[in-house]
Amino acid sequence: MFKLLSRKLLGEKCKSGLKSLFISAVIGYSMSSIGSIKISGRVLVLTVIFFTGTLVIQTLSSKENARLLRGLFAMPCNEKRTLWEYAAAVGAYVIMTKLSLVAALFAAFSKVTPLRVGLFLLGALYAVFGGMAAFGHFRKRPYISALFVAAGIAMAFLLPEGAAGALILAAADLAAAAVMNFIPLDNFRVRETSAKRTVVHKSGSGMLIPRYVLRYLTENKNYIVSSVITVAFSVFLALNSQKMGLFMGCGMGMALISVNSPMAVIVSSNRGLDRKLNALPSKTRRFFLPYGAALFCFYLISFAVYLAAFCIAGGHAGIRGFITAPVFAAESAAFVAMLENRFTIRNWKTEPDLWHNPRKYILPVLLMLEAAAIFSI
Amino acid sequence: MDIRSLKAWYTPEKHVLKGLDLTLDEHSVVGLIGLNGAGKTTLMNVLCGLHDGFECASQQYGGKAFTFDGNDFKGDRYIVFSEDESFGYFCFDEYLTYVFDCYGKKPDKAYVDTLVERFGFGEYRGVLIKDLSLGNRRKAYLITGFALKLPLLLLDEPVNGLDFNSTETLYSLIAGYKEFGTVLFSSHILESVTLTSDKVLVLENGVIAKTYTGSGITPENIRASLGTEEGNV
C-alpha cells in the first residue's frame, strides 16, 4: 500500500518528493539573506495546522486518489497496517512536497530554535493524524470531525509559549493518532457519485458563465468554507503583521485572499473543460472574459467581508484600504483569468498538486509587493 | 478536407499515426474503425487541434491550406469526445446556448426539441450535466452536435454508453447528416459503420490500411481486414 501510494504521490523512489525538498531548501537558503522577522509560536502553529490540515483533507478527498484506491480498498488486506501505511504515504507527500516550502520560508525569515522546530513538527503531525481522523469520521460522526477542527483552532490561539505548548501539542498528536487507529479503512473510500441531482428549473440565456462560476461555488460547499477560513486567516495575519515587523497594512490580507485556489483553477481542475474550451471557437471572448468578470465580483465581495472583519477586530483600514480593494480585485480577476487561459495547469496528479502549483503564488506575491509600496508611503 | 502523410506521436520515438492520408468529401458519412490502440482518438484529437505532437505534408480544407486549431476551421466543426466531463455545472439547455453562442449561431428550437424527443432526453434537460448518467451526458453532447448543423461533425466512439433506442436514433441521425455536412466517426462496433457509412476507413498500425465504399462495406470484408471473426472488432 505504502509503496503503491508513495509511488503515485511522490514519484518513483520518492524522486519528486526529494526534488521538492531540494527546491524548498534552495529557496529557503536564497531568501535567508533578505532579513528576519519575529514570528510568534501561535502564528507558527496556526500556519502549520491550517496549511497541512487543508492539504491532508484535499489529498484524502481527491478524485484521482479515489480512482486509484477504489480497487485497492475492495481487496482483502490487514486493515490496521493499511490504514497506517495510508497515513504515512499521505503525510510524507504533504510534508515533503508542500510543507517543506513553508518550513524553508520560516527558517529563512525567523530564528530557528529546537523548540520551534519541535512545534513545527508536532503541528504537522497533528494536522496529519487529526486530518485523517476528521475525514474518517466525517460521514458517520461529524461531531468528532468538528471537535478535531475546533481543537486545532483552539490550540493555535490558546497554546502557551515554550515547552508547555509543545507538550500539549504532543498530547493532542497522540489523541488524534489513537482516534485514527480505530477508524475502519472503508471510511476513507471516496464516493464519487451522489444520488443528489440538481435541477435547474428556469435557465435563461444571459450571464451564462457567471452563473456557471456561481454554481461551481455553491455546489461545492467546501469551497465556500475554505473562502471563509481564508478570510479569517487573513484578518488574523494582517492584525499580527505589525507585531511581526511587516508594514503592508490591510493590503497583506487581500493578497492572501487572492490565493483562493478553487476559484482560480476552474479550468485547470477539469481536464474535460480545458479540452472542450480549446476545441470550441471564441474561448477568450465567450468564456474567459465573463469568467474574469465573475472573479472580479467574487474578489470584491471577499475583500469587502475581509475589510469589515478587519475593522471590527480592531484593525485600521483607512481610505487607502478601501481604494485598494477594488483595484486589487480587478488585478486579481484579470491575472487569474489570463493564467487560466494561457497557462492552464495540465501536469497534475492529485488536486492538491493543482491547488498548490507555484503559479498560484505569483499573484499574491505581486499584490504583497504592491501593498508594501502603497501602505509604506 | 484532404490531409497527406499525417504523423502523430506522444513520444517522438514512437509514432501513433505513421503517414496517414485522409480525404473527407462534402456531405458524406465516413466511419473509422480499428482495434484498441490503432490511433482513432489520436486522429480525432489532431483534427480538432488538441494534439501538439504531429506533422503533416499537406492539409487542405475547401481547397485551401488550413490549420487544425485555426478559428476558421474551428468555426466549421464540432467534436463529441468519447469521454467528456466538461461544463458539468450547466444543464443541457445552458450548454446548448453557450455552444451556439461560441459558433455565433441561434439554435433551431423546433429541431432541438425533435432531437431531444428522439433521444428520450426530455426529462433531463434541466439537470446539471455533472449529475447525468454517462449515457445521458453523451446524449447532451450529441444533440448539441447534431443541432449545430456544421459542415464537419466529428464523433469519437459515439455509441458508447447509449441504450438500444438511442443507438438506433444515432445511426439514423448519422446517416441523415449528409443533408447538412460530413460526419467522421470512430467506432469499434462493426454494425455502426456498416449501417451508416458511405466510406469505411480501417485504421491499422497508424495508417489507413483499407478503404471500403458502397457495396464493399460488408461485415465480412471489415472482419477480414482486422483479422477478427466476432461481431465486435
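A salt bridge here is a Lys or Arg side-chain nitrogen within 4 Å of an Asp or Glu carboxyl oxygen. The model is predicted. B:Asp163 and B:Lys139 form such a bridge, with their closest N and O atoms 3.7 Å apart. The pair links distant parts of chain B, 24 residues apart. B:Asp163 sits in the loop between β8 and α6 (164–176), while B:Lys139 belongs to helix α5. B:Lys139 counts as buried because its relative accessibility is 5%, and buried means under 20%. B:Asp163 is partly exposed, at 40%.

Next come two further bridges in chain B. The side chains of B:Asp198 and B:Lys178 meet at 3.1 Å, N to O. B:Asp198 lies in the loop between α7 (190–194) and β10 (199–204), and B:Lys178 in the loop between α6 and β9 (182–187), so the pair ties together parts 20 residues apart in sequence. B:Asp198 is partly exposed at 27%. B:Lys178 is partly exposed at 31%.

B:Asp108 bridges to B:Lys149, with the closest N and O atoms 3.5 Å apart. Here the partners are 41 residues apart: B:Asp108 is in the loop between α3 (92–102) and α4 (109–118), B:Lys149 in the loop between α5 (134–148) and β8 (152–156).

Over all chains, the count is 17 salt bridges. A network of salt bridges links A:Arg211, A:Arg215 and B:Glu94.

Now turn to a nonpolar feature. A:Val149, A:Ile153, A:Phe157 and A:Leu158 form a surface patch, with about 400 Å² of accessible area together. A:Phe157 lies in helix α7 (residues 142–158) of chain A. A:Phe157 counts as partly exposed, at 38% relative accessibility.

Methods:
Residues numbered from 1 in each chain as written. Chains lettered and ligands numbered in written order. Predicted model: local features only at pLDDT ≥ 70, side-chain atom pairs only at ≥ 80, totals over all residues. Heavy atoms only, no water. Patch = residues over 30% accessible without salt bridge, like charges linked within 9 Å, V, L, I, M, F, W, Y side chains within 5 Å. Areas by Shrake-Rupley, 256 points an atom, 1.4 Å probe, with all protein chains shown as cover. Helix = DSSP H or I, 4+ residues; strand = E, 2+ residues; numbered from the N terminus. Buried < 20%, exposed > 50% of the residue type's maximum accessible area, 1.4 Å probe, protein only.
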